[in-house]
Amino acid sequence: MTKDIRVDDTQPPSEPANLVFLRRLVTALTAVMIVGVVAVVALLVIRLQARPPELPQQVTLPDGVTAAAVTLGTDWYAVVTTDERILIFDRLSGALRQEVVINSP
């Protein structure tokens, strides 16, 4: 005696609860990653469009000194020279505050 079992093909098979949870978790993590990438790009654009700080109108270097780089502090600016020195000037008065000699190995 054989029993005839009929399968209803009109209903989709039910998914296990773990699979539903995993699908929702992946969707949520994808959304968080997209928001994170957009935030990083927005911060980069904002940061790169910021105006650089204003340099003093006239930087007076000692005779024979050539600047290789300049960096700014809150109330000072420093000039790295080609003869391996760092000259630190007061931003308001332009007076030389400190001179640091870079020792090369």
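In strand S2, Thr-81 is the bridge partner of Ala-67. The model in which this pairing occurs is predicted.

Thr-81 belongs to strand S2, which covers residues 76-81. With a relative accessibility of 3%, Thr-81 counts as buried, because the cut-off for that class is under 20%. Apart from neighbours within four places in sequence, the contacts of Thr-81 are Val-65, Thr-66, Ala-67, Ala-68 and Leu-87.

### Sheet architecture

The sheet is open and consists of four strands in the order S1-S2-S3-S4, with antiparallel pairing. Strand S1 (67-72) and strand S4 (96-101) are the edge strands, each pairing on one side only. From one strand to the next, the twist averages 20°. The strand pairs are set out below.

| Strand pair | Sense | Bridges |
|---|---|---|
| S1 and S2 | antiparallel | five |
| S2 and S3 | antiparallel | five |
| S3 and S4 | antiparallel | five |

Individual residues illustrate two of these pairings. Val-79 stands opposite Leu-87 in S3, and Phe-89 stands opposite Leu-96 in S4.

### Connections between strands

S1 is joined to S2 by a hairpin through three residues. S2 and S3 likewise form a hairpin, with three residues between them. Glu-84 lies in the loop between S2 and S3 and has a phi near 60°, a positive value in a residue other than glycine.

### Aromatic pair

The structure holds one aromatic pair. Tyr-77 and Phe-89 form this pair, which is stacked, with 5.3 Å centre to centre and 20° between the planes. Tyr-77 is in strand S2 and Phe-89 in strand S3, so the pair ties together parts that are 12 residues apart in sequence. The term stacked applies because planes under 30 degrees apart are classed in this way. Both Tyr-77 and Phe-89 are buried. Phe-89 thus takes part in the aromatic pair with Tyr-77 and also stands opposite Leu-96 in S4.

Terms used: Residues numbered from 1 in each chain as written. Predicted model: local features only at pLDDT ≥ 70, side-chain atom pairs only at ≥ 80, totals over all residues. Heavy atoms only, no water. Pairing = 2+ DSSP bridges. Helix = DSSP H or I, 4+ residues; strand = E, 2+ residues; numbered from the N terminus. Axes fitted to C-alpha atoms, helices over the stretch in contact; angles between N-to-C directions. Buried < 20%, exposed > 50% of the residue type's maximum accessible area, 1.4 Å probe, protein only. Contact = heavy atoms within 4.5 Å. Phe/Tyr/Trp six-rings, centres within 6.5 Å; stacked < 30°, edge-to-face > 60°.
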